[in-house]
Amino acid sequence: MRVLLVLGHPRRDSLCGALADAYCDGAGDAGVELRRIDLAALSFTRDVTAASPEDQPLEPDLQAARADLAWAEHLVFVYPTWWGTMPALLKSFLDRLVMPGFAFRFYGPGAAEWEGLWPDKSAQLITTMDTPPPVYRWLFHAPGTHAMRNATLGFCGVRPTRALVFGPVRTSDADRRAAWLEKTRRTGFALRSGVRSPAGRAAARIRPWLSALRLQFYPMSWAAYGLGAVAAATGPIDWAAFVWGLLFIALLEAATVFCNERLDLATDRINPNHGPFTGGSRVLVTGAISPPQLRRATGLLLVGALTAAGAALGVAPAPIATALWMGLAVLFTLGYTVGPLRLSYRGLGEVDVAFTHSALVLVLGGLLQGAALFDADLWLLSAPLALAILPSIVLAGVPDHDADAAVGKRTIAVRLGRHGALRLAGAALVAAATLGLVFEGLALVDGAFAGLQWFVLPHAALGLGLLWWRSQTPADRLQRIDGLLVATLTYMLWFVLVPWFNLS
């Protein structure tokens, strides 16, 4: 492990200096690679006098410090807390070096769109104060610690950041200070087993897989599947068939997501506009998971999906029709990126997702509860839902436009351009609302759409307003549209929740 300790006290012969020495002793015994910067020994201009920190030339000492910050995996800051926060010396050091392009980057026109560039770093804060630590934490809400942990290091992606707080210094005796020094030495020595606790290390191993699963996209298909079951059931739900079918859908979707992650790696690598809904999970890009690991996991998921399918067919009222429909589910779900279909690369991926997340899962839910494959009610429920899904899927290609175009992925956003995608999303938004309200007026599917207008019309108006606002942005600046994606992703929920409520 590469550790950088920064002593932020303006006097090196201070208690903070002794704590820094103690930490270095412990870390040295732990066998880590250690570098140390005593800010009091550096020569640099304290204030940012240029329009932006990156426009101000770095003095030689700061150039060396910048290289050390880039080198380090674990950052340790030792400093006194004066007037609730860090000394001016440490603040000046951070002002000069923690800058865009080095520690973080802005990717949109607004100040709220940023990405930390130090996600692989962790940190330790060691601070002294005259205020009793409980008073500092509970009465004053630890302003300096929060500023360092969240507003500075957290903003740059550093996690976890732990803090040792010692005080009150003014009334401490020699024995108390010796205990602080020993605790600091032990904290440095604890690096022999890594920064994280055993539970933290286990969580760190699990976290990339949770990211790769992209669980934010599953509830929609699960809800549509449940609606199909509720619409078809003439009595109590057959829970055995329901659970096996739901497990089949979940495992198949997870396998599809993993396939997408591998097969979209070329576009994900060059995509600067990735976010929670676009650009993949980044686990392969960052190396958190290797392609062979993801391939093996995909195989296990497919085996699990086929096992669940077999169990579902064992209790299905119409096993032949259900088996054919499940086969279609495998073909079109995996076919989003997997050859020979590769629908997302042919401009058909958006239609594929609208179908698989509406009619495909909704009809499967009905089949497992005894409905016929071409039950009119199931398809009527699916039609406005499919249209409601389209806007978010079309818009998801907007931030990925340049990267997708560069690798030959012919999404609708690539074919129509960013503004063309916005217009198509607006048309689908209106079409879904119109069809749903027509069905409501005709009282189709036993009045399943009753009351839909009260939810869909305000949401559609919000979506159209956001689309119009975004359409005023030049195409090359439509980089991240997370708010618009949230608005359109939640829009589709009304086409499931209202019918579910009315039919249950």
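Is Val445 buried or exposed? In this predicted model, Val445 is buried, because its relative accessible area is 7% and buried means under 20%. Val445 lies in helix 19, which spans residues 444–447. The backbone at Val445 has a positive phi of about 50°, although the residue is not a glycine. Most residues other than glycine have a negative phi.

Trp83 is not a glycine either, and its phi is near 50°, a positive value. Trp83 sits in the loop between strand 3 (74–80) and helix 3 (88–97). Trp83 counts as exposed, because its relative accessibility is 89% and exposed means over 50%.

The next part is the sheet. Strands of a sheet pair through backbone hydrogen bonds, either parallel or antiparallel. Here, five strands make an open sheet with parallel pairing, in the order 2-1-3-6-7. Strand 2 (33–38) and strand 7 (161–166) are at the edges; each has a single partner strand, so one side of each has no neighbour in the sheet. Neighbouring strands of this sheet are turned against each other by 15° on average, direction ignored.

Strand 7 pairs with strand 6 (residues 122–128) in the parallel sense, over six bridges. Within this pairing, Ala163 in strand 7 is the bridge partner of Leu125. Leu125 and Ala163 are both touched by Thr145, which also touches Tyr136; residues up to four places away in sequence are not counted here. Thr145 belongs to helix 5 (residues 143–154). Thr145 counts as buried because its relative accessibility is 6%.

The peptide bond from Gly167 to Pro168 is cis, with omega near -5°. Most peptide bonds are trans. Another cis bond runs from Gly339 to Pro340, with omega near 5°. Pro340 is in the loop between helix 13 (319–334) and helix 14 (349–367).

The axes of helix 8 (residues 218–232) and helix 15 (residues 376–396) come within 10 Å and cross at roughly 155°. Helix 8 is therefore roughly antiparallel to helix 15, since angles over 145 degrees count as such. The crossing of the two helices is right-handed. On the helix 8 side, Met220, Ala224, Leu227, Gly228 and Ala231 take part in the contact, and they meet Leu378, Leu381 and Leu385 of helix 15. By class, this contact has seven nonpolar residues, one polar residue and no charged residues.

Definitions and conventions
Residues are numbered from 1 along each chain as its sequence is written. This is a predicted model: local features need pLDDT of at least 70, side-chain atom pairs count only at pLDDT 80 or more; totals for chains, interfaces and linings use all residues. Side-chain values use heavy atoms; hydrogens and water are left out. Helices (H or I, at least four residues) and strands (E, at least two) are DSSP runs, numbered from the N terminus. Buried means under 20% relative accessible area, exposed over 50%, partly exposed in between (1.4 Å probe, protein chains only). Contact means heavy atoms within 4.5 Å. Two strands pair if DSSP finds at least two bridges between them. Axes are lines fitted to C-alpha atoms, for helices over the stretch in contact, and angles run from 0 to 180 degrees between N-to-C directions. Angles under 35 degrees count as roughly parallel, over 145 as roughly antiparallel, 65 to 115 as roughly perpendicular and the rest as oblique. A crossing is left-handed if the near helix is turned anticlockwise from the far one by less than a right angle, and right-handed if clockwise. Ala, Val, Leu, Ile, Met, Phe, Trp, Tyr, Cys and Pro count as nonpolar, Asp, Glu, Lys and Arg as charged, and the others, Gly among them, as polar.
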